[in-house]
Amino acid sequence: MYLVLGITGHIGGSAARHLLEQGKQVRAMVRDEAKAAAWSARGVELVKGEWQDPVALIKALEGVTGAYLMMPPTQAPSKDFREAKTVIASYQEALSKVLPPKLVVLSSMGSEKPDKLGAITATHLLEEALRNIATPVALVRAGSFYENLTYGLQTGQGGVLPVFWSPTERKIPAVATEDIGAEVSRLLTTEWTGRRVIELGSMVSPDEIAHQLGEVLGKEVTAQAIPRDAWAATLEGMGLPHGDTWAFEEMADSVNSGWIDFGVEDTERIEGTVTAKQFFLAAQKAHQQ
C-alpha cells in the first residue's frame, strides 16, 4: 500500500495512475471524497482529512510501504509562510508517530537556498524539516512546470508566448507533471536507502518552448519577456490577489538571475521525457474533448 497526497492534482494523479498500472494498492487522503470518487472507483482507498490535521495523517500513514508528500499549492502565501509551517508541523507530528519505510517528497529547484526564493520557500522549509528524519527520503526538486504555460495555446494564436523568464534565449529547468508523477512512482516502488536529492527536468529556453508551441499550432510563435514593471498587473490578471504577487515575483527574479537553477552539488539529475511539444499537443487534445 502506497500513500499518495494530492491525488486530485496533476502530480498526485499521475503518480497514483502509474502505481495502479503496476498493480499496486494506493491510498489517498482527501478533503472532499466526492471529488475523488473516480479514484475510489479504481480501487484507491480514500481517507478523509486535511493535511493540517496530524491525526488524519497518522491514519493515512499507518501500514504503508511508502508515502508521497508535497506542499499544498498556495498562490499568495503569507510573508511568514505560516500556511506552509502549519502543514510541516502536521507532517512532523504524524511522522513522529508513524514513520513509513520510505518517503518521496516533491520539492523544487532552488530549495537548497536559504533566501530569495519567494514561493519556493515552502519547499525549502519542508526539506529542512525532514533533514534528519530516520527513514529513507527522496527529495524530487522539479523544474518549472510546463503546465504553467498552458495559456500559450491561446496567446500563441496571436504568435506570442508571454513569459516571465528573461532573457528568452537562456535555458531554464522545465518539466511536465506527468514526468514527475512517473518518477515518484518509480521511487516508491524501487529499493534504495539514505537521503537522495533529484533534479528532475530538462534545460530548455522560452524561445525553444515557443518554437515547439508554434509547431503544435501550425504558426510561428515567439517568446516575449513580460516587462518587469508589468509583472504585478499581469499576475493579477491571471488571478493572483491584488497587491499580493510578491512571492511569484521574488521567485521569478531569482530564476532570471540564476540564483535558482539546476546543477547543485551532490544531486542526481534525471532528464524529463515529455517535450514541450508533446505537452502542448496533449493539452490541446484535452481542451478539445
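Tutor: Two strands pair if DSSP finds at least two bridges between them; strands (E, at least two residues) and helices (H or I, at least four) are DSSP runs, numbered from the N terminus. This is a predicted model, in which local features need pLDDT of at least 70, side-chain atom pairs count only at pLDDT 80 or more, and totals for chains, interfaces and linings use all residues. Residues are numbered from 1 along each chain as its sequence is written, and side-chain values use heavy atoms, with hydrogens and water left out.

Student: What makes strand 7 and strand 9 a pair?

Tutor: They are joined by 2 bridges and run parallel, and at least two bridges are required.

Student: Why is G194 called partly exposed?

Tutor: Its relative accessible area is 40%; buried means under 20%, exposed over 50%, and partly exposed in between (1.4 Å probe, protein chains only). G194 is therefore partly exposed.

Student: What makes E215 and K277 a salt bridge?

Tutor: Their closest N and O atoms are 3.7 Å apart, and the definition asks for a side-chain nitrogen of Lys or Arg within 4 Å of a carboxyl oxygen of Asp or Glu. The pair links helix 8 to helix 11, 62 residues apart.
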